[in-house]
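Subject: Structure handover

Hello,

Here is the structure for your files. Please open it alongside this message, as the notes refer to residues by number.

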Amino acid sequence: MDTFLFQGTIFLAATVIAVPLAARLGLGSVLGYLVAGLVIGPLLGLVGETENLQHFSEFGVVLMLFLIGLELDPRALWDMRHRLVGLGVGQILITMTLIAAASLLLGQGFGLAVALGMIFALSSTAIVLQTLNEKNLMRTGGGRSAFAVLLTQDIAIIPMLVLVPLLGSAVPVFLNPDGSVNRPSSSPSHAGGDDAHAHEALSLVAGLPGWGATLVTLSAIGAVVLVGIYLIRPLFHYIHTARLRELHTAFALLIVISIAFLMTLVGLSPALGTFLAGVLLANSEFRHELETSIEPFKSMLLGLFFITVGAGMNIRLLLAEPMTILALTLVMMALKGAVLYGLARAFRLRGRDQWLFTLGLAQAGEFGFVLIAFSAQQAVLPPDIAARALLIVALSMLLTPLAFIIYEWIAKRIAEVPVLSGEDAIDPQGSIIIAGMGRFGQTVNRVVQMSGFKTTVLDNNLATIQTLRKFGFKGFYGDPTRPEIMHAAGLEQAHVLVVALDDREAAVRLVRMARRQRNDLHIVARAKDRVHVFQLYRAGADDIVRELFDSSLRAGRYVLENMGLTEFEAAALERTFYKVDRDALRELAEVWKPGVPIDQNPEYLARTHALNNDLEAALQRQFDEADAARDEDSPPPKRAVS
């Protein structure tokens, strides 16, 4: 326990020191994590064996793909099919072929060359997606294309794991973390973490006939689909009745862990299974609640994973052969980058997008660790080559944040502005967020949607959201006053926020929080009364609508019309009253004092009397103009202004 607490303290201390420093220097959090691991591991020796911890932290990649699936509905995934097949499959096959050919020219055997081609064809899903999200590049053409390739690579890990045993010899060889060989006298039992589990699962499937293994695999995928469509919604509704937020978190983790376990049993990628589940739940009313429940775990595990990558680097081997290892790493990244650049040109990616696609995916990835260990276990990779391959993968991941810095340097010198087209959009959220789906919010939503704009609707009343969905309006369950819920709903990208909450204090909190997050966001808020108007104004709302004000104006206009005024005259008086009263409210908001009753605020009372006189004068001028335009033989009705 003491060792565990000590190592936990070291990891956390390294994180809180290195990551903010790297972010402040503009290097990104990923490089901060990697450098922190490098310092506390090989350089200072503060942490010991990190292999098991690294396999545990790889679950962060699984959680990340689940969250990505939540943002990608099935229709958008279908729209990406050309990129998945063209860019993704093309990148894997061409890179594999070139690296395998280079290995053959260097005198390696065919099986070893193919294994190296598979290992280095894969890129780092964790680093690339984390960096794309941090830098708001996911919705660019280059970001979408990079995501398509990464998704294809995650799917390709399945046939790669099946292919590796066919390339090896009969005697298994185990690779220790330091690159030494462990040849067991008995049957092998452990190769470390996820790769061992994947191998065990593959052995279970391999014991079946070919048609049986296929049937089991398809059944597992079908089970995920059926659970995502028919079971998760009623279960979430059942959990919701308890009114305990921690149960939402527990249920979200249960979904991800159980699906990952099922995929592992049948030899499929856990990341692929959870991604599929996320896609199936992308249109669910619980999407944002699931996202906010899992996000903290994903961030922590990914950070831990990056640290363990840095801490697990074999510095002795690097110091023994620095030029060789660095040269091999750079050659691999250059070769892979050339393939990516060619594909970017072929698929008409231009300017910043092609450089983002090329530089962002040039590294090897975390699944390379799995393939290296599994290939060593199957005697495909000799121990010395496996040790070097591990170091090349880790070093290329360490260089990836620098590649993004080079991209930013290039992007600043390209005059074009990246185009965010709708094709293959990963984030389907609208640029308008409506918080609160009472009668007020529903009317606003219908007007906006019927005008052709997409909205993201939030409400913390589950019954309201379910009723809306029955009538064909998409809404999401969640408390809009929680910053993480608003972040999941796309607050950073939204253009307009409509605050239509029934709870007046919650509305003020939401406006204040949104304004702190976004100075440029336009906020439209509903107010209960004048005091609520002042509170929302001070909180940062741009347009404030009193819930009964407009209807009262319309009623007043009807009264004027029935007292003999024409529709034009009544409408003109209505507009005058609206403008003067609105300007008056803005002035009164400046002298209003929170916590002080209005009738005890002398400055407010004096300003109110003056504004009332201004209003009366403005209306009288409007009457006079109407009288001047009226025919002399049609005397106006008697009017009183008070």
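Below are the notes on the chain, starting with the overall figures and then going region by region.

This is a predicted model, in which local features need pLDDT of at least 70 and side-chain atom pairs count only at pLDDT 80 or more, while totals for chains, interfaces and linings use all residues. Residues are numbered from 1 along each chain as its sequence is written, and side-chain values use heavy atoms, with hydrogens and water left out.

Overall figures

The secondary structure consists of 27 helices and eight strands. Both are DSSP runs numbered from the N terminus: helices are H or I with at least four residues, strands are E with at least two. Of the 642 residues in the chain, 51% are buried. Here buried means under 20% relative accessible area, exposed means over 50%, and partly exposed is in between (1.4 Å probe, protein chains only). The chain exposes about 30400 Å², and 63% of that comes from carbon and sulfur atoms. Accessible areas come from the Shrake-Rupley method with a 1.4 Å probe; for residues, only the protein chains shown count as cover. Among contacts (heavy atoms within 4.5 Å) between residues at least 6 apart in sequence, 75% join residues at least 24 apart.

A nonpolar patch

Phe-6, Val-35, Val-39, Leu-43, Leu-44 and Leu-46 form a nonpolar surface patch of about 510 Å². Patch residues have over 30% relative accessible area and no salt bridge; like charges are joined within 9 Å, and nonpolar side chains (Val, Leu, Ile, Met, Phe, Trp, Tyr) within 5 Å. A salt bridge is a side-chain nitrogen of Lys or Arg within 4 Å of a carboxyl oxygen of Asp or Glu. Helix α2 (residues 29-43) gives the largest share of the patch, three residues. Leu-44 sits in the loop between α2 and α3 (51-57) and is exposed, with a relative accessible area of 55%.

Helix α17 covers residues 352-360 and includes Gln-354. Eight of the nine residues of α17 are buried, among them Arg-352, Asp-353 and Phe-357. Gln-354 is buried too, at a relative accessible area of 6%. Leaving aside neighbours within four places in sequence, Gln-354 is in contact with Tyr-341, Ala-344, Arg-345 and Leu-349.

Arg-348 lies in the loop between α16 (322-346) and α17. Arg-348 is exposed, with a relative accessible area of 71%. Its phi is near 65°, a positive value in a residue other than glycine.

Ser-375 in helix α18

Helix α18 (residues 366-377) holds Ser-375, which is buried at a relative accessible area of 1%. Not counting residues up to four places away in sequence, Ser-375 touches Ala-115, Val-164, Val-380 and Leu-381.

Strands β3 (residues 432-435) and β6 (residues 496-499) run parallel and are joined by four bridges. Two strands count as paired if DSSP finds at least two bridges between them. Ile-432 has Val-496 in β6 as its bridge partner. Strand β7 (residues 522-527) also pairs with β6 in the parallel sense, over four bridges, and Leu-497 stands opposite Ile-523 in β7. From β6 the chain passes through helix α23 (residues 504-517) to β7, in a right-handed β-α-β crossover. Right-handed means that, with the strands pointing away from the viewer, the path from the first strand over the helix to the second runs clockwise.

Regards
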